[in-house]
Amino acid sequence: MEPNNMYIVWAYGFYVTISVLLTMWVARTLSKNGLVFLVEAFNNNRELASSVNHLLVVGFYLINIGYVTLALKYGDKPTNLQQSIEFLSTKVGLVLLVLGGMHFINLRVFSNMRKRAQLKNAVRPVPPQQWVPPVPPQGFTPPPAAQPVR
């Protein structure tokens with residue numbers, strides 16, 4: 001194998017390894033800490049919350065690992081050590097941005113689900129039982145009717 005091709009192969013290997021490990025770490029963190037929100041959002045139904053949590057993790061893996069593999073094709077190919085480090089930095093940086101974006105999307109979904117659950121479980125006000133007409137204050141005289149403008 002040519003020396004220039006070795007830079008490409010090593011850079012790709014490091015890129016995929018680092019990206020997949022980062023994706024796994026973020027997915028586990030979101031899964032572990034997001035379960036609390038899901039349990040509350042599903043009225044303490046832990047089984048349903050765990051199931052939805054697992055589905056979210058699978059979708060997270062599919063999107064992020066799909067992005068990582070598709071992104072291999074794009075960009076300049078490294079031909080020396082400096083370009084390999086720059087390639088790796090750029091690619092991993094983009095993966096981190098995608099992971100961050102996915103994290104905020106998940107937070108938004110969890111937050112919306114939690115708000116819906118809280119609204120659903122909120123105590124409703126008591127409906128009115130009768131109507132009482134307002135009583136004008138003593139000494140109150142209504143203002144004179146407005147005159148039409150000519």
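Start with the lining of the largest cavity: six residues are nonpolar, three are polar and none is charged. Here Ala, Val, Leu, Ile, Met, Phe, Trp, Tyr, Cys and Pro count as nonpolar, Asp, Glu, Lys and Arg as charged, and the others, Gly among them, as polar. This is a predicted model, where local features need pLDDT of at least 70, side-chain atom pairs need 80 or more, and totals for chains, interfaces and linings use all residues. Numbering runs from 1 along each chain as its sequence is written, and side-chain values use heavy atoms, without hydrogens or water.

Which residues line the largest cavity? They are Ala-27, Leu-30, Ser-31, Asn-53, Leu-56, Val-57, Phe-60, Asn-106 and Phe-110. A cavity is a set of points on a 1 Å grid over the protein atoms alone, where a 1.4 Å probe fits but cannot get out; lining residues have an atom within 4 Å of a point. The volume is about 60 Å³, meaning the space filled by probe spheres set on the points, which are joined across faces, edges and corners.

Helices H1 (3–41), H2 and H3 each give at least two lining residues. H2 gives the largest share, four. Helices are DSSP runs (H or I, at least four residues), numbered from the N terminus.

Now the pair. H2 (residues 46–71) packs on H3 (residues 81–120) at about 155°, axes 11 Å apart. Axes are lines fitted to C-alpha atoms over the stretch in contact, and angles run from 0 to 180 degrees between N-to-C directions. So H2 is roughly antiparallel to H3 (over 145 degrees).

Conventions: Angles under 35 degrees count as roughly parallel, over 145 as roughly antiparallel, 65 to 115 as roughly perpendicular and the rest as oblique. On a 1 Å grid over the protein atoms alone, a cavity is a set of points where a 1.4 Å probe fits but cannot get out, and a pocket is an open set with protein on both sides within 12 Å along at least five of seven lines; lining residues have an atom within 4 Å of a point.
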